[in-house]
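Student: I would like to learn how to read the aromatic pairs and the nonpolar core in a structure. Could we go through them together?

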Amino acid sequence: MENESKILMKNIVDILEDRLALDIEVIEIGELSIIADYFVIASGKTELQTRALYEHVDEEIKKNLGIDPLRCEGMQKGRWIAMDYGSVIVHIFHREDREYYDLERLWVHAPHVDIHNN
């Protein structure tokens, strides 16, 4: 299962990088919580970009891995979109909202994954 989670996480990161998402971070939360193995957090400059990032992740993960998210929230407003893939939860923020909610601070004790060397 961990291997599948890692493959999914890496695919999501690649997709977000391809679409020029800002400040992509991965937090490994599996040892601290039962809700998921990873949080993938990224930002968009505008609400339009956050929605486009969401749509691209949704389409490409479905195409590449045959997986649909279990739940998605926040697509209409495009300020904070959450995509729940079970083992990986994707948070796509408008950059102002990301600064405000600061999820990284809430998970400061969880290991951050180096996405470029993993």
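Tutor: Rings of Phe, Tyr and Trp (its six-membered ring) pair if their centres lie within 6.5 Å, and planes under 30 degrees apart count as stacked, over 60 as edge-to-face and the rest as tilted. This is a predicted model, in which local features need pLDDT of at least 70 and side-chain atom pairs count only at pLDDT 80 or more, while totals for chains, interfaces and linings use all residues. Residues are numbered from 1 along each chain as its sequence is written, and side-chain values use heavy atoms, with hydrogens and water left out.

Student: How many aromatic pairs does this rule give?

Tutor: The count comes to four aromatic pairs. In one of them, Trp-80 and Tyr-101 are tilted, at 4.8 Å centre to centre and 45° between the planes. Trp-80, Phe-93, Tyr-100 and Tyr-101 form one aromatic cluster.

Student: Is Trp-80 buried, exposed or partly exposed?

Tutor: Buried means under 20% relative accessible area, exposed over 50%, and partly exposed in between (1.4 Å probe, protein chains only). Trp-80, at 29% relative accessibility, therefore counts as partly exposed, and Tyr-101 is partly exposed with 37%.

Student: Which residues touch the most other members of the largest nonpolar core?

Tutor: A nonpolar core is a set of buried Ala, Val, Leu, Ile, Met, Phe, Trp, Tyr and Cys residues joined through side-chain atoms within 4.5 Å. Among the 24 residues of the largest one, Ile-12, Leu-16, Val-40, Tyr-85 and Val-88 touch the most other members.
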